[in-house]
Amino acid sequence: AIHMIHLSMPLVRYGRTTVISGMSVVIVNFITLCFMYSYITKMVKINEKLQVQADTDALTDLPNMRALQKVIIEYMRKYEEFALVFIDLDDFKMINDISGHNIGDDALKFVAEELKKKLSPDDYLVRIGGDEFALIIPATGSKQDVIRHINDISGMTNENLGLPFQMFRVTASFGVAFYPHDGRDYATLLSCADTAMYHSKELGKAKITEYREGMMNRLRISHE
């Protein structure tokens, strides 16, 4: 004998409409999941974009001070040695005063691009603000190797600017501090690099100065 088995889905009637309830739940759940996935994906992309914007200098497209802090803290977390270099363009105010801030901004973008050409693959260049930049150089060799590399980078700023900046000659003062020798925390290391950079200014600008113990006190006394 052959037995016929009838399969049916439960039907729920609402007025004149018949809904296959089981299938409806599946469809609704699928649509909801698709919507949630699309929404979450969109929000993740928006958040990533905002994070990039928050870590990027709007003028030069270089990383900014916020990004610098993250990278330094990560180096310190791994206890990896590196050099922090502060770069301050000498007499840059003259460009703004003579040619205006628009030309000054163009000059900053030009300098940023030229500096990037001199970097090694693992170097990390940021714009702090104004006419100040900072550079992280992994200390894979000796201190002398790092200083030689900085000297190569400084050669760029001694060249005449290209169009439309022919009347100006850009140089920079460099201050160098080494982690962990000169500072074992973020604030101390920044202060040492900044102090060394100001010492370069006092020496006549266009100099590279490595931080030395007691330099902060000497600089403080010279300003009193």
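1. A term first: a helix crossing is left-handed if the near helix is turned anticlockwise from the far one by less than a right angle, and right-handed if clockwise. The crossing of H2 and H6 is right-handed. Helix H2 covers residues 65-78, and its axis lies 10 Å from that of H6, at an angle of about 115°. Axes here are lines fitted to C-alpha atoms, for helices over the stretch in contact, and angles run from 0 to 180 degrees between N-to-C directions. H2 and H6 are therefore roughly perpendicular. The classes are as follows: under 35 degrees is roughly parallel, over 145 roughly antiparallel, 65 to 115 roughly perpendicular, and the rest oblique.

2. On provenance, this is a predicted model: local features need pLDDT of at least 70, side-chain atom pairs count only at pLDDT 80 or more, and totals for chains, interfaces and linings use all residues. Residues are numbered from 1 along each chain as its sequence is written, and side-chain values use heavy atoms, with hydrogens and water left out.

3. The overall layout comes next. The chain has seven helices and seven strands. Helices (H or I, at least four residues) and strands (E, at least two) are DSSP runs, numbered from the N terminus. Along the sequence the pattern reads β-β-α-α-β-α-α-β-β-α-β-α-β-α. Of the 224 residues in the chain, 36% are buried. Buried means under 20% relative accessible area, exposed over 50%, and partly exposed in between (1.4 Å probe, protein chains only).

4. Now the sheet. It is open, has five strands in the order E4-E5-E3-E6-E7, and its pairing is mixed. Strands E4 (124-129) and E7 (208-210) stand at the edges with a single partner strand each, so one side of each has no neighbour in the sheet. From one strand to the next, the twist averages 20°. Two strands count as paired if DSSP finds at least two bridges between them.

5. Strand E3 (residues 82-89) deserves a look. Eight of its eight residues are buried. In a regular strand the side chains alternate between the two faces of the sheet. In E3, Phe82, Leu84, Phe86 and Asp88 point one way. Ala83, Val85, Ile87 and Leu89 point the other way.

6. The partners of E3 can be traced by residue. With E5 (residues 132-138), E3 pairs in the antiparallel sense over seven bridges. There, Asp88 has Glu132 as its bridge partner. With E6 (residues 172-179), E3 is again antiparallel, over eight bridges. Ala83 is bridged to Phe178 of E6. E4 and E5 also run antiparallel, joined by five bridges. Glu132 of E5 is the bridge partner of Gly129.

7. Back to helix H6 (residues 186-202). Its 17 residues reach 25 Å from first C-alpha to last, close to the 24 Å expected at 1.5 Å a residue. That expected span is 1.5 Å times one less than the number of residues. The buried residues of H6 include Tyr186, Leu189, Leu190, Met197 and Lys201.

8. Both ends of H6 have details to check. At its start, a side-chain oxygen of Asp185 comes to within 3.2 Å of the backbone nitrogen of Ala187. After H6 comes Gly204, with a positive phi near 120°. Glu202 lies in H6 and is partly exposed, with a relative accessible area of 43%. Glu202 and Ser173 are 29 residues apart in sequence, and their C-alpha atoms are 9.6 Å apart in space.

Technical notes
Polar contact = N/O pair within 3.5 Å; in protein donor to acceptor, adjacent residues only side chain to side chain.
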